[in-house]
Amino acid sequence: VDRPNLQGRLETLKVHTRKIRLSEDVDLKKLAQATAGAVGADLANLVNEAALRAVRNGRKMVTQEDLLAAFDTVTMGSEKKNARSTEIEKRMTAYHEVGHALVAALGKNTMPVSKITIIPRTGGSGGATMYIPEEDKNLYTREDLLAWIHSLLGGRAAEEVVFGTMTTGASNDLQRATAMARDMIARYGMSRELGLLSPTVITNQYLDGQSSLDCSQELAAQVDKAARALLEECYAFDRQLLTENRALLDEISEYLLAKETITGDELMTFVNADKEEKETPAEIEE
């Protein structure tokens with residue numbers, strides 16, 4: 001059974017919330033958009049967690065904030081209220097997450113950022129940047145996939161631009177970016193080096209969906225070389241982009257450090273203000 005699309009998630013949320021009192025600010029369609037990739041069990045857990053949160057806060061109605069906070073809990077784990085991070089770790093995490101978000105906000109073919117947080121979670125994350133797909137898509141262009149790789153590498157790029165070092169916080173980002181680059185080259189025929197050749201074989205498509213290469217060692221080495229070149233090209237672009245927008249990176253990161261969690265709208269307020277400032281012609285002195 002495939003994961004539900006936007007309409008399927010919306011109808012599932014309607015079923016699970018029909019016996020729960022919802023406040024007027026609840027927008028199930030927006031929640032369905034924010035939960036792309038979730039299955040029925042995830043949505044049921046989300047609604048239950050939101051109801052528990054409302055009760056813990058002494059309310060008889062579930063709010064939109066309850067539902068969105070519950071989604072964070074279901075996907076990333078509960079907040080580590082007693083977690084202690086050094087000042088430099090917290091600062092590095094803030095710049096890392098803003099690096100992801102800023103590369104996405106300044107790029108093309110990217111999904112809008114919905115939230116940036118540096119609150120540690122029991123799921124193991126020290127922070128997160130979350131996106132809202134504007135629509136369910138079954139087909140992705142080469143530009144879509146490149147934009148996603150750029151965003152994934154934006155966190156590591158920010159670390160190097162600002163601190164001149166690398167942290168372990170980018171491990172999952174690098175794994176996902178590498179897998180996507182390899183798929184572009186060896187599965188989707190989007191490589192200049194290999195052209196339309198697709199040596200990838202999908203095993204257990206309806207279980208784990210793992211893939212493997214069915215080719216010679218020489219061709220496998222070419223795939224690795226092409227994937228590395230693609231990642232390095234994207235990474236170099238990200239570093240240059242963040243270097244050119246260093247003031248904006250600093251400004252948003254300081255704001256995130258103060259608030260710990262900001263919305264995509266708050267992010268875009270900074271980005272749009274910066275664009276307007278750059279587009280305003282300088283006054284000519286007489």
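Visitor: Under what relative accessible area does a residue count as buried, and is Tyr 95 buried or exposed?
Guide: Buried means under 20% relative accessible area. In this predicted model, Tyr 95 has a relative accessibility of 5%. Because that value falls under the cut-off, Tyr 95 counts as buried.

Visitor: How is the pair of Tyr 95 and Phe 163 classed?
Guide: The structure holds three aromatic pairs. In the pair of Tyr 95 and Phe 163, the ring centres are 5.5 Å apart and the planes stand at 90°. Planes over 60 degrees apart count as edge-to-face, so this pair is edge-to-face.

Visitor: Which helices does that pair tie together, and how many residues apart in sequence are the parts?
Guide: Tyr 95 lies in α5 and Phe 163 in α6. The pair therefore ties together parts of these two helices, α5 and α6, that are 68 residues apart in sequence.

Visitor: Is Phe 163 buried, partly exposed or exposed?
Guide: Its relative accessible area is 23%.

Visitor: What kind of pair do Tyr 131 and Trp 148 form?
Guide: Tyr 131 lies in strand β2 (residues 128–131) and Trp 148 in helix α6, so the pair ties together parts 17 residues apart in sequence. Tyr 131 counts as buried at 15% relative accessibility, whereas Trp 148 is partly exposed at 21%. The ring centres are 5.1 Å apart and the planes are at 70°, so the pair is edge-to-face.

Visitor: Which element supplies the largest share of the largest nonpolar core?
Guide: This core has 47 residues, and Ile 149, Leu 230, Leu 242, Ile 252 and Leu 267 touch the most other members. Elements that each supply at least two of its residues include β1 (113–117), α9 (246–259) and α10 (264–279). The largest share, ten residues, comes from α8.

Visitor: Which residues is Leu 267 in contact with, leaving aside neighbours within four places in sequence?
Guide: Leu 267 is among the core residues that touch the most other members. With those neighbours left aside, its contacts are Ala 101, Ala 105, Val 113, Ile 116 and Ile 252.

Visitor: How many residues make up the second, separate core?
Guide: Among its members are Leu 13, Ala 38, Val 62 and Phe 71. The count for this second core is 19 residues.

Visitor: Which element gives the most to the lining of the second largest pocket?
Guide: The pocket holds about 200 Å³ of space, and its lining divides into six nonpolar, four polar and two charged residues. The elements giving two or more lining residues are α5, α6 and α8. With four residues, the one that gives the most is α6.

Key. Residues numbered from 1 in each chain as written. Predicted model: local features only at pLDDT ≥ 70, side-chain atom pairs only at ≥ 80, totals over all residues. Heavy atoms only, no water. Core = buried A, V, L, I, M, F, W, Y, C linked by side-chain atoms within 4.5 Å. Buried < 20%, exposed > 50% of the residue type's maximum accessible area, 1.4 Å probe, protein only. Contact = heavy atoms within 4.5 Å. 1 Å grid on protein atoms, 1.4 Å probe; cavity = no way out; pocket = protein on both sides within 12 Å on 5 of 7 lines; lining within 4 Å. Points joined across faces, edges and corners; volume = space filled by probe spheres on them. Nonpolar A, V, L, I, M, F, W, Y, C, P; charged D, E, K, R; others polar. Phe/Tyr/Trp six-rings, centres within 6.5 Å; stacked < 30°, edge-to-face > 60°.
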